[in-house]
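Let's walk through this model together, starting with a pocket and then moving on to a sheet. Keep the picture open as you read.

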Amino acid sequence: MMVKQAGDTYMKAIFEDFQEQYGESLDLRIKSTVDDGEDVVYTDFPPYGAFMERHVRRERDSNIICCSCRLFEIKGILCGHAIKILREVMATFEIPSQYILK
């Protein structure tokens with residue numbers, strides 16, 4: 001559902017970047033979850049090496065997330081790490097509106 005939404009929303013080049021990130025999200029594994037009282041922090045990594053760990057921080061009781069890789073802040077698309085948390089932890093199958101830049 002996210003990929004179809006991205007295809008309907010993004011220009012071709014951005015869609016291809018999103019599609020690549022979505023594909024990468026399928027290979028990621030969630031290593032740990034830490035609740036610090038304000039946020040929940042998920043650590044995920046690719047199956048071929050934990051040296052590429054990323055931390056996805058989710059505001060408690062909201063769908064606002066940010067990843068330590070900062071791809072959204074740099075390129076304006078969600079990274080595979082954030083997509084992994086949206087899909088598997090938050091059961092969100094559409095791109096939240098705050099992550100679709102105009």
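Helix 2 gives the largest share of the lining of the largest pocket, 3 residues. Helices here (H or I, at least four residues) and strands (E, at least two) are DSSP runs, numbered from the N terminus. A pocket is an open set of points on a 1 Å grid over the protein atoms alone, where a 1.4 Å probe fits, with protein on both sides within 12 Å along at least five of seven lines; lining residues have an atom within 4 Å of a point. Among the lining residues are Gln21, Glu24, Tyr48, Arg54 and His81. Helix 2 (12-27) and helix 4 (80-89) are the elements that give two or more residues to this lining.

A quick word on the model: it's predicted, so local features need pLDDT of at least 70 and side-chain atom pairs count only at pLDDT 80 or more, while totals for chains, interfaces and linings use all residues. Residues are numbered from 1 along each chain as its sequence is written, and side-chain values use heavy atoms, leaving out hydrogens and water.

Strand 3 (residues 54-59) and strand 4 run antiparallel, joined by 3 bridges. Look at Arg57: its bridge partner in strand 4 is Cys66.

Notes: Two strands pair if DSSP finds at least two bridges between them.
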